[in-house]
Amino acid sequence: MSPKKNNIKQFFSDLPKNIFSGFVVSLIALPLGLGLAMASDAPAISGVITAIIGGVLVSIIGGSYVTITGPGNGLVGVLLVAITALGINDAYAAIICSGALLIVLGFLRLGKLADFFPSSAIQGMLAAIGLIILGKQFHIMLAHKINRPETMDYLLAIPYTINDAIHYRSSGLIYAASIGVLSFMIMVFYPKIRNKYLQLIPAPMWIVILSIGFSYYFEFVAHEANPIDANYMLSGIPDINQIISQLPSISFSKIGQSSFWSSVLALTLIASIESLLSIKAVDKLDPEKRRSNVNKDLKALGLATVGSGFLGGLNVVTVIARSSVNVNNGASNRSANFFHALFLIIFIGLFSTQLTRIPLPALMAILVFTGYKLASPDIVKKIFSIGREQLVIFFVTLIVTLKVGLITGIASGVFVTFIIHVFINKSFSLFARNLLKPNVLMYREDESAGNYYVSVKHFCSFLNFYKLKQKLDAIAEDNEVIVDFSLCEFVDHTVMENLHNYQELFAKRGGNFEVVGLDMHGTDSKHPFALRRVLPIPSLLTNLTNRQTTIEELAKDFSLSYVAAKEKNTTFLQDFVFFKTKQINHIYNKLSNETGSLGVFDIEFSEGEFIAKEVVRTTMLHIQLEEEICTFTLDREGFLERIYAFAGYKDIPIQNHSDFSKRFYLLGENSTAIKNFFTDDLVHFFESNPYYHVESNGCSLLVFGKERLASVKEIKALYDFGKRLKEVILD
Amino acid sequence: MLKPFDHIGIGVAFSPNLKANLYETARLSIFLKAKLFLIHVGEKSADKEEKLKTFLTPFIAENLDYEFVFKDGDPVDVILSSSEEKKIDLLILGALQRENFVNYYVGSIARKITRKAKCSVLLLIKPSVECISCEHVVVNGLQDPRTKKTISSAFFISKQLGASRITIVEEIGQKQVAVKVDDDKSLRRATIAKEILRRKEDSRVQRIISDIPETYKEHITIKTQPIFGKRGYSIGHYAQVARADLLIMNAPSNTTFWDRLFPHDIEHILTELPTDVLIIR
């Protein structure tokens, strides 16, 4: 570990960067805060209050590093329901209660809560939230305020609104609608324009600046009244004194009602899921590769939510979009979040009157765009490519969320996922019997550099992923990890996706994370995250696993040929003593050089027969030699010694190399030939290289390490070992 | 070192597995130089005795010492009471195979016997007529007063069966690592805490090993493997991954109704046998 840095000095030297990125983020947070609050039917200013309280409190007591906190888009749907059902004053009470619940979650260390939801169900829920935002705000964007009882009705009314907008006669409405469309265009095309001056200010702020400029133009240059219909202007922005002096009256009168508590639950659930997912995503972006303390962050978010509720704000959550902007602008610690709040206070203090010059359609265009992003057809396409069953989960969650509500929606997503898993495996007992078993084994393999080996049994899905996650989280990310699924019958999409995240994280932090043992599992789609289960009769593998594709790339790099399919012709292995008592089933994933004299392959063989039969899969290297050599086996542990003793072999000492003789068991029939064969060079080669079992059958060599499938890194090492061994022997 | 097993008992029922079971047990009795008791729940009859004797013929030739016990009643009671009467110190039970032919588990009668027996119990997953050599023995190294006996029995058996490898698995429960991993700092603390625990456990096991007479350690590769995981379960998983031929474990302290509802220690192994399991009492 590096020596302790001078933290205070470091903090001050990083301060300018953090102030700057805090400033940039506040430029987005201001319009988004106003918009999100309005979309939730709360006073516009409450969104900004949320961001301020969240920024100040979470930056001081939080447990993550470069996240930004404030009002979240995921909560719009729930807040809308809460405010409609309870009224704004009771909704504040619900917000306060959900904050308290969040604190409890933090103390109960339930930061792992988000792991219990299948990712397609979460995607479906987020898409539904996106549609809720989009459906409601689209009409305001086109200056066509409507009121409908259901979210679906808002969505269905979109074509009528467009039709009406084309036939507007009032110039006030035409101006309002065109400002909305223009703002939407800015949101869409802004990321596509690569200009460093333009990119200095984020798109939402451009919209704010341009629309305020538009209003000033009419006032000072054209000397006319603002042409936009007054109904579609932002109103009711109090100045800072009013905010402080006029705290909302919070009413706890509905605390006995069930609708109050269902709102509290929904708020807590969505706030925690959104925050946890964002923290996880932002951790991957952190340039200093730190690990966030999610439970501490949950407590901080809860406390901030309580504070925000008392001061007339909404739920405080960690938000992904603003956080990534924060990272991109060079933030290095929590102070950026604090400064974002500080700048918001300054904006409200100085420019609260200017804010009323912003037209509503412009603000809503920003939200329509955010909503569209959450529910874009790309997401549906991506989910479909993972598998049809994921699409079913996605749409069930989406539709139930829109029709009934968020909690029912996510619950039905979880339920449907489970039913699909049972259906795919045609077995309920696989899940029922093994759900509570600690199915993950992790230990350090002592022989090599101390890599971690993780074996997973039975099944691994969103239901028990937390067990695997708990083990993986206890490994520092600069280590070597091999996760073996060969004893696991079923692995679901949520797990595959999470493992991929681990892979990225380990790669970034100098470690290595590999997944093995999935080559025999079948899938329905070609996507790397598709769920996999063991097939009774493995068909021709259509979807290569991650390991297989990496081997394929390796083959290209070293200009080797690679065949993933099974090969039954294994006669070249029959002569080896090792296989005397074993039955070779097939080899697969074969890598070989042009002449075929050097080949690495996975092999499946079985020991014993009938009921005592045991199937073993491992990775081996085969070297074909041009000349005849003596037969021998070289082994370290000596545990194979006995089998070879049967074959009439005995340990042969090599003179002048007592260390070598001590460390290795060298066995063979013809001891003089072997003594001649083991030249000084060869002995030195074995002494100075990692240990492998080496066996000669007279014209070729068989080399292997552990009795399990090798990771790609180990395959590389094995191949390299064989190549050099061949050179030494041929010299 | 004392010879741990003098009297070996097996419950015999006339099932398709009988021949394999008898061969396996008889072979073991010869290896361990112990007397074999064949306990049958049911009436005594010359016919049955004759049938059993024919199976045992090849072993009688090798001077197998054996005795038949016939007793009527509830299978669990009969086997338990006769093993006490005959001072049996190793009871052999067969496991059942699940429908998918991958997993083995202990049936309800055998499970009751395993829980209540006062002697050691060997659970066989795949008895065979052929002699299959035992290569790799995995034994637990828990911090427990009984561990010492278990480990020394493991060495004795390995010697008798000619096993070449013993792995002593130290299971360290998550609770013993007092640090919870939240962020980088606590991760570092947890890693250090684990390392300290690992060394402590390792030196404890090494002390036990050093007390074992050299003759039992000849030609045997001894390895220790610390595992941070659930007691009683991770060792089974490890035995499966390491492809052990025999897993030797301490007997559980005492099992109550709750232990079966919320399985721990040995109960996990009983529902899912990774290999042959010997429970030392």
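Chain B has ten helices and twelve strands, where helices (H or I, at least four residues) and strands (E, at least two) are DSSP runs numbered from the N terminus. Please keep in mind that this is a predicted model, in which local features need pLDDT of at least 70 and side-chain atom pairs count only at pLDDT 80 or more, while totals for chains, interfaces and linings use all residues. Residues are numbered from 1 along each chain as its sequence is written, and chains are lettered from A and ligands numbered from 1 in the order in which they are written.

Let me stay with chain B for a moment. Of its 281 residues, 42% count as buried, and a residue is called buried if 20 or more other C-beta atoms lie within 10 Å of its own, exposed if 12 or fewer, and partly exposed in between, with C-beta atoms placed from the backbone. Among the contacts in chain B with a separation of 6 or more, 79% are accounted for by residues 24 or more positions apart, a contact being two residues whose C-beta atoms, placed from the backbone, lie within 7 Å.

In what order do the strands of the open ten-stranded sheet in chain B run? The order is β3-β2-β1-β4-β7-β12-β11-β8-β9-β10, with mixed pairing, and two strands are said to pair if DSSP finds at least two bridges between them. In general, strands of a sheet pair through backbone hydrogen bonds, either parallel or antiparallel. At the edges of the sheet in chain B stand β3 (66-71) and β10, each with a single partner strand, so one side of each has no neighbour in the sheet. Inside the order, β4 (residues 90-94) and β7 (residues 120-124) of chain B pair in the parallel sense over five bridges, and B:Leu90 is found opposite B:Ser120 in β7(B).

Two helices of chain B belong in this picture. Helix α1 (residues 18-32) of chain B packs on the sheet and touches β1 (7-12), β2 (35-41), β4 and β7 of chain B, its direction making about 175° with that of β1(B); here axes are lines fitted to C-alpha atoms, for helices over the stretch in contact, and angles run from 0 to 180 degrees between N-to-C directions. Helix α2 (residues 46-60) of chain B lies across β1, β2 and β3 of chain B, at about 150° to β3(B).

Although B:Lys87 is not a glycine, its phi is positive, about 55°. Is B:Lys87 buried or exposed? B:Lys87 is exposed, because 12 other C-beta atoms lie within 10 Å.

Turning to chain A, we count 27 helices and 19 strands, and buried residues make up 47% of its 731 residues. A:Asn589, in strand β12 (residues 582-592) of chain A, also has a positive phi, near 50°, without being a glycine. With 25 C-beta neighbours inside 10 Å, A:Asn589 counts as buried.

Finally, how do the chains meet? In contact with each other are 28 residues of chain B and 28 residues of chain A. On the side of chain B that touches chain A, α6 (184-210), β10 (221-228) and α8 (234-241) of chain B each supply at least two residues.
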